[in-house]
Amino acid sequence: MKRSYILSAFFALGMLFAFSCDDLVEEPVGLLSPEGFFKTPADVQIGLNGGYSAMEHEAFWGRKLFLTLILRGDMVSIGDQTTAARRIEVDKMNMSSNNGMVSEFWPKGYEALAAINYALEGAKSVDAPEEELNAVVAEGRFLRAFIHYHFVRLFGEIPYIDVAFSDPELAYSLPQNPVADTYAGIIADLEFAKEWLPDAPALRSRPGKGTAAGLLASVHLTLENWNDAYDEAKWVIDNSGTFQYALEGEFADLFDPSISAPSNELLFEIDFSGNDAAGAIGGSNPSTDYLASVTGPRKDERFGMGEGWSVAVPTLAVYDTWDSRDYRKAVSFDTLMTYLGEDTPYTEWGSIPLNVARPHIAKYYRSLGVSGAPSGLNGRDSEIDQPVMRYAEVLLIAAEALNEKNSGPNAEAEGYVNQVRSRARRELDGDAGNDRAFPANIASGMSQADFRTAVLEERRLELAFEGGRWYDIQRRKMAETAFGAGGLEQQAFNPARDYYLPKYQNDVDKNENLTQNLNY
């Protein structure tokens, strides 16, 4: 039987080791009283590393949560129909209340929150200079906001948890909070993080001031607080030099792990370690990137290190309707693989066992990383870091918010979209200059509605397969169009149910204060 999320979180804390992407020395934390363990800001950081480890886990961003996000949108559907039923349920809008994706990433998310809140509680007893301690506390509050922000959008009313407690039985009496209250907690955490985080963190997998402000802009965009969304995005843009943010000159470089230096376009990334030696044979799956595996084609022999699984595959309409003059299309799709020693175009992949005749996602599958998988198992599980938020998204948030706050676009809003489009004007194997005519600058004088559509379309293409499309569909209530006749993926969509996922039924059963979402 599955454990409740907090019970499993406290079990994890009892066994917790503060290993993370930084490969820190293992330090058992256990269920000590926070004031007994946390004596320095470094101790608090060790506690937060336990939260990072949970976020990087296969059950969270390593596969389960991220795969749910891209399958739920209108750009990706299941390729291999023999894959796990829990994935097909997500894709087909036919999730049961015991869906196997939710039953993994819901507990893992609350496990991360337990570690984070435990560290933040411990920080209260640390005697250290305010600036030094608050920088670490701000990091924890950013992570807490990040997890709650995903969960409130996916589930609606959830238990919002910003305290640590030692009695696991309290898990069964926690209330679920109104959505507005959860957002209030998220905003408060991000505002604190924006004040106290460093301008430019040493790692892009650690948040800085701009990361907090960028996520805050996204939160306000979701809430349709247009003025605040614009102000936060503009603050990031105006301080981009201080924060060391800029659009990457070469779009493909964003997804090329052979480039060791992190891109200045990244506001935040998940830092995987490829620590899969136990996980690949049924172990704990810590800190492992599975995105290459689940998005690549079956039977592909190109890389000599394992095939893809053909799980999350773009619909043919997504590929066919994407103008081939847009350089991002070539970067985003795989259309040729090697099968039985021969170059084989995607149009012939349907005859290959367990495959499907559609282009696959290239952003992750082309990224070759080191795997910890034992010999003989799929070598595509790796340590490749994955972008979560990019500067390009901040520009598009500013453009969308300006259009709404001003009842129409202006030159500034148009300029932000044009900055993003400019990079897409080049040949895949051409020179580095962006000197092509397509995609053209956005037309001046567009109506508010037409500009809104243009920005949402730009987000769809620029951020394709990066986990945000479902949230755009949800916040703009576009599902009936997106999944209807003429949509990119035609699915039966029930607006009274499908804008939210089912909550983890095991917890709903055990906690009388939790209610399952409608029609599950």
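So, Phe465: buried or exposed? Phe465 is buried, because its relative accessible area is 4%, and the cut-off for buried is under 20%. You'll find Phe465 in the loop between helix 18 and helix 19, the latter being residues 469–475. The backbone there has something to look at too: phi of Phe465 is near 65°, which is a positive value in a residue other than glycine. Keep in mind that this is a predicted model, so treat everything I say as a reading of that prediction.

Ser310 sits in the loop that runs between helix 12, residues 291–295, and strand 3, residues 312–314. And Ser310 counts as buried, because its relative accessibility is 0%.

While we're on backbone geometry, where is the cis peptide bond? It joins Phe438 and Pro439, with omega at about -5°. Pro439 belongs to the loop between helix 17 and helix 18.

Let me zoom out for a moment. The protein chain has 520 residues, and 60% of them are buried. On the secondary structure side, we have 21 helices and eight strands. If you take the contacts with a separation of 6 or more, 70% of them come from residues 24 or more positions apart.

Helix 17 covers residues 411–422, twelve residues in all. From first C-alpha to last, helix 17 reaches 16 Å, close to the 16 Å expected at 1.5 Å a residue. At its start, a side-chain oxygen of Asn410 comes to within 3.2 Å of the backbone nitrogen of Glu412. Which residues of helix 17 are buried? They are Ala413, Glu414, Tyr416, Val417, Asn418, Val420 and Arg421.

Two packed helices are described by the angle between their axes and the distance between the axes. For helix 10, residues 226–238, and helix 16, residues 391–405, the angle is about 145° and the axes are 8 Å apart. The crossing of helix 10 and helix 16 is left-handed. What kinds of residues make up this contact? They divide into 13 nonpolar, one polar and three charged. On the helix 10 side, the residues include Trp226, Tyr230 and Ala233, and on the helix 16 side they include Tyr391, Ala398 and Leu402.

Tyr230 lies in helix 10, and it's buried, because its relative accessible area is 11%. Setting aside neighbours within four places in sequence, Tyr230 is in contact with Ala398, Ala401, Leu402, Lys405 and Glu412. And here's a jump along the chain: Tyr230 and Leu396 are 166 residues apart, yet their C-alpha atoms are separated by 10.0 Å.

Ser240 is in helix 11, residues 240–243. Ser240 is buried as well, with a relative accessible area of 15%. What does Ser240 touch, not counting residues up to four places away? Tyr245 and Tyr391. Remember Tyr391, which also takes part in the contact of helix 16 with helix 10.

Two last stops, over in the earlier part of the numbering. Asn117 is in helix 6, residues 102–123. Asn117 counts as buried, because its relative accessible area is 2%. So what does this side chain do in there? Its side chain reaches the backbone oxygen of Ile161 at 3.0 Å. Beyond four places in sequence, Asn117 is in contact with Arg144, Ile161, Asp162, Val163 and Ala164.

And then helix 3, residues 41–56. Helix 3 has 16 residues and reaches 22 Å from first C-alpha to last, close to the 22 Å expected at 1.5 Å a residue. Because 14 of the 16 residues are buried, helix 3 is largely enclosed by the rest of the structure.

Technical notes: Residues are numbered from 1 along each chain as its sequence is written. This is a predicted model: local features need pLDDT of at least 70, side-chain atom pairs count only at pLDDT 80 or more; totals for chains, interfaces and linings use all residues. Side-chain values use heavy atoms; hydrogens and water are left out. Axes are lines fitted to C-alpha atoms, for helices over the stretch in contact, and angles run from 0 to 180 degrees between N-to-C directions. Helices (H or I, at least four residues) and strands (E, at least two) are DSSP runs, numbered from the N terminus. A crossing is left-handed if the near helix is turned anticlockwise from the far one by less than a right angle, and right-handed if clockwise. Contact means heavy atoms within 4.5 Å. Ala, Val, Leu, Ile, Met, Phe, Trp, Tyr, Cys and Pro count as nonpolar, Asp, Glu, Lys and Arg as charged, and the others, Gly among them, as polar. The expected span of a helix is 1.5 Å times one less than its number of residues. Buried means under 20% relative accessible area, exposed over 50%, partly exposed in between (1.4 Å probe, protein chains only). A polar contact is a pair of N or O atoms within 3.5 Å; within protein, one must be able to donate a hydrogen and the other to accept it, and residues adjacent in sequence count only if both atoms are side-chain atoms.
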